[in-house]
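I am opening a notebook on a structure that is new to me. I will write down what I look up, entry by entry.

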Amino acid sequence: MRVLIDYRSALRGRSGAGEYAHQLIRALLVASPARGENRPIDLSLFSSSWRDRLHLPPEISGATPIDRRVPVALLNFAWHRLEWPPVEWLARGSFDIAHSMHPLLMPTRKAARVVTIHDLNFLTHPERTRAEVRRDYPRLAGDHAHRADGIVVSSRFTAGEVERRLQVPSDRISICSPGAPDWTPRSSQPRDGYILFLGTLEPRKNLGTLLDAYERLIAGQGRGDRSARAARRAGSTCATIPDLVLAGQATPESQPWLDRLSRAPLAGRARHLGYVDPANLKRVYEGARLLVQPSFEEGFGIPVLEAMTLGVPVVAANRGALPEVLGDAGLLVEPEDADGMAAAIGRIIDEDGLAESCAVKGVVQSRRYQWSATAIQVLEAYRLAVARQKEGSDRGLTPV
């Protein structure tokens with residue numbers, strides 16, 4: 001089976017969808033050795049950019065790179081609005097599968113078409129999105145989902161959303177969750193560790209409430225004044241509150257949060273680490289006392305899985321797929337409730353037994369997610385997509 005995957009989401013800083021694409025490709029290559037009669041797929045990776053070139057790192061060098069000097073915005077406009085040119089024309093080859101790593105199809109001549117839908121937050125809150133996502137996704141995603149030969153999602157939550165909101169039959173949706181990284185759990189909890197948030201600093205991540213919660217925590221170190229009493233009601237009784245570290249790429253919308261870090265009471269207590277290269281991710285997690293994921297909605301929540309893999313306790317919002325991923329291995333909170341978030345963070349800091357229990361349960365929970373299983377699920381999704389595309393061709397329905 002000849003498979004073309006759109007690698008553009010992982011071409012620059014890998015986070016979220018880009019990390020999923022990269023690790024999926026790595027797992028597919030492991031499942032498809034370069035030699036041998038049982039190789040299930042021949043994998044090619046497509047990229048287009050005017051400035052950034054596609055250089056495959058060693059772990060995915062078994063794939064065939066296809067790099068075109070076409071501006072991303074121009075190609076997206078042509079593909080989304082004109083449904084031209086077909087990817088076979090750009091790639092100068094033919095394929096059985098064309099897999100888009102976002103909800104909109106790549107135009108093809110003959111290939112079965114698969115899309116990945118991580119979440120539908122762009123339908124509920126388009127104001128939390130930008131660029132092509134705001135311009136094209138809300139208007140086109142439903143139509144493209146119905147024309148796709150297969151839809152890959154990363155959680156049961158997203159599968160239910162696609163079925164309910166886009167009216168797609170469940171038998172066309174394949175749940176292919178991310179896998180845990182190949183990390184050994186840390187041996188102990190760092191007493192001087194920080195409170196960590198990791199992810200792109202964008203509106204749906206709900207960092208405003210996290211900063212509010214952290215201000216309540218540090219106010220609780222006062223001497224009985226009104227703010228201290230409020231913080232104690234939020235649950236903080238610890239003598240020392242760890243620093244807050246925000247790790248992730250900034251966006252234009254994140255500037256008000258970043259401005260708060262330079263003013264009292266956050267100045268000197270909270271800092272922005274910036275984008276973290278995948279090679280340094282493990283070290284950043286290992287230094288954390290706990291992870292907080294306060295997002296309004298996540299289609300999966302890879303940082304939660306990464307933290308659990310190392311035994312880092314997690315406080316997460318009770319929205320989207322986060323309860324599904326976390327299970328009973330951490331504390332869930334209402335994302336708009338700053339007092340409740342502060343209380344949960346304070347409990348992890350104050351209660352050693354709770355922190356240790358969350359760490360142990362998190363490691364166990366993380367082992368439910370393996371990239372080898374993801375690869376098998378995606379290969380089955382490809383097989384079903386090819387069968388559906390052939391069935392449509394037999395009925396006289398050809399790709400646009």
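**Second largest pocket**

I began with the lining of the second largest pocket and found that helix 1 gives the most to it, with seven residues. The model I am reading is a predicted one. I looked up the volume of this second largest pocket, which is about 640 Å³. I counted 27 lining residues, and the closest to the centre are Gln-23, Ala-180, Pro-181, Asp-182 and Trp-371. I then noted which elements give two or more residues to the lining: helix 1 (17-31), helix 11 (302-310), helix 14 (352-366) and helix 15 (371-394). By residue kind, I have 13 nonpolar, seven polar and seven charged in the lining.

**Gln-370**

I looked next at Gln-370, which lies in the loop between helix 14 and helix 15. Is Gln-370 buried, exposed or partly exposed? I read 37% relative accessibility for Gln-370, so I list it as partly exposed. Leaving out residues up to four places away in sequence, I find Gln-370 touching Gly-179 and Ala-180.

**Strand 4**

I turned to strand 4, which covers residues 97-100. Which residues of strand 4 lie on each side? I put Ile-97 and His-99 on one side and Ala-98 and Ser-100 on the other, and all of them are buried, so both faces are covered. I remind myself that side chains in a regular strand alternate between the two faces of the sheet.

I then looked up the pairing. Strand 1 (residues 2-6) pairs with strand 4 in the parallel sense, over three bridges. In that pairing I noted His-99 of strand 4 as the bridge partner of Ile-5. Strand 5 (residues 112-117) also runs parallel to strand 4, and four bridges join them. There I noted Arg-113 of strand 5 opposite Ala-98.

**Cis peptide bonds**

The bond from Trp-84 to Pro-85 is cis, with omega near 0°. I place Pro-85 in the loop between helix 2 (72-82) and helix 3 (87-91). The bond from Ala-264 to Pro-265 is cis as well, with omega near 5°. I place Pro-265 in the loop between helix 9 (255-261) and strand 10 (270-274).

**Positive phi**

Glu-83 is not a glycine, yet I read a positive phi of about 50° for it. Glu-83 is in the loop between helix 2 and helix 3, the loop where I had placed Pro-85. With a relative accessible area of 24%, Glu-83 goes down as partly exposed. Arg-92 is not a glycine either, and I read a positive phi of about 55°. I find Arg-92 in the loop between helix 3 and strand 4. Its relative accessibility is 69%, so I list Arg-92 as exposed.

**Cysteines**

How many disulfides does the count come to? I get zero, as the rule asks for a pair of cysteine sulfur atoms within 2.5 Å. Cys-176 has a relative accessible area of 0% and is buried. Cys-358 is also buried, at 5%.

Note on methods. Residues numbered from 1 in each chain as written. Predicted model: local features only at pLDDT ≥ 70, side-chain atom pairs only at ≥ 80, totals over all residues. Heavy atoms only, no water. Buried < 20%, exposed > 50% of the residue type's maximum accessible area, 1.4 Å probe, protein only. Pairing = 2+ DSSP bridges. 1 Å grid on protein atoms, 1.4 Å probe; cavity = no way out; pocket = protein on both sides within 12 Å on 5 of 7 lines; lining within 4 Å. Points joined across faces, edges and corners; volume = space filled by probe spheres on them. Nonpolar A, V, L, I, M, F, W, Y, C, P; charged D, E, K, R; others polar. Contact = heavy atoms within 4.5 Å.
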